[in-house]
Amino acid sequence: MKSILRKFLEMVDVFGFFERDPFGNLVFTKRVLIGTLGSLTWARYMWTNKTVIKGTEHLEKLPESGVLFLSNHQTYFADVICFYHIFCSVKWGFRNWIGLPIYLLAPRARMYYVAASETMKDSGLVPRIFAQAGGITINRSWRAKGHDVKREVDKSAGDKIGKGLSDGWVVSFPQGTTSPYAPVRKGTGHLIKEHQPIVVPVVINGFRRAFDKKGLLLKKRGTTLSVTFKEPMRFDPSLSVEEIITHVEAFLEQDYPEGKQWYVKKQAEKTESSGT
């Protein structure tokens, strides 16, 4: 009887008053949070700065679930918030444009993003609230509180992201850091092999100049923020994890030898300074 009642409520509940996502969050509450945060941040992307979007025509025919967006990373939250604006505008039929935020009246709720647990818990009230709007929190095995660490891999991470993929679109930052040219983590390769999602590469730029590292404070006005969605793809199941990682680094334009050398040098300098 309960299952019949639940199915009936899902059919008639267009606003999601009673519906929950796979993580137990009310869909209606998520829509309210996304709409509110979108309203508070829209001016940063269209008035204070200028957002140039390309490639959303690739998103128009994507299925409602099973889609993994892989992007380079420049701030903790400004990148993600911009993605939310774009995904909601695409739902309303806009292409490469977030100039009229009427899409926030009925935002897309079935979207998620992968974030480090410590980032969501230790960065203040706004990130904690935003985590309820679609955050999939994982424990990073290589970094904690700004320092390199070595600890057990969060084996539940793949299952959590799999739940998100089964329900909607998931945004992940496979480098696991805002530093440019960092290597793509092997977990991304394992995730793709296990769940075989449709993968959409995304290349962003300008966020690091416009916002602070958290992406909550403005650093420079008048910056051009660019977001480019590349053509969706599926990886051959026969590819190895290492081969998948190589492809991802190339699609995200993070495989330049000069950039990798710069990253290695910076990491060595950090290690040396921390040891003195």
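Modeller: Let's start with Glu249, which sits in helix H9. Keep in mind as we go that this is a predicted model. Is Glu249 buried or exposed? Its relative accessible area is 10%, and because anything under 20% counts as buried, Glu249 is buried. What does Glu249 touch, once its neighbours within four places in sequence are left aside? The contacts are Pro183, Val184, Gln254, Asp255 and Lys260.

Now step back to the helix around it. H9 covers residues 241-251, and it packs against helix H7, residues 186-195. The two axes are 8 Å apart, at an angle of about 110°. Angles from 65 to 115 degrees count as roughly perpendicular, so that is how H7 and H9 lie to each other. On the H7 side, the residues that take part are Lys186, Gly189, His190, Ile192 and Lys193. They meet Val241, Glu242, Ile244, Ile245 and Val248 from H9. Sorted by type, the residues of this contact come out as five nonpolar, two polar and three charged.

Helix H2 (residues 27-48) and helix H3 (residues 78-91) have axes that come within 10 Å and cross at roughly 105°. H2 and H3 are therefore roughly perpendicular to each other too. Here Ile34, Gly38, Thr41, Trp42 and Tyr45 of H2 meet Ala78, Ile81, Cys82, Tyr84, His85 and Cys88 of H3. This contact divides into eight nonpolar residues, three polar and no charged.

How many disulfides does the structure hold? The count is zero.

Across the chain the mean pLDDT is 86, and 83% of the residues reach 70 or more. One stretch to treat with care is residues 9-13, where pLDDT stays under 50. For that stretch the model has three contacts beyond four places in sequence.

Key
Residues are numbered from 1 along each chain as its sequence is written. This is a predicted model: local features need pLDDT of at least 70, side-chain atom pairs count only at pLDDT 80 or more; totals for chains, interfaces and linings use all residues. Side-chain values use heavy atoms; hydrogens and water are left out. Axes are lines fitted to C-alpha atoms, for helices over the stretch in contact, and angles run from 0 to 180 degrees between N-to-C directions. Helices (H or I, at least four residues) and strands (E, at least two) are DSSP runs, numbered from the N terminus. Angles under 35 degrees count as roughly parallel, over 145 as roughly antiparallel, 65 to 115 as roughly perpendicular and the rest as oblique. Contact means heavy atoms within 4.5 Å. Ala, Val, Leu, Ile, Met, Phe, Trp, Tyr, Cys and Pro count as nonpolar, Asp, Glu, Lys and Arg as charged, and the others, Gly among them, as polar. pLDDT is the predictor's confidence in each residue, from 0 to 100. Buried means under 20% relative accessible area, exposed over 50%, partly exposed in between (1.4 Å probe, protein chains only). A disulfide is a pair of cysteine sulfur atoms within 2.5 Å.
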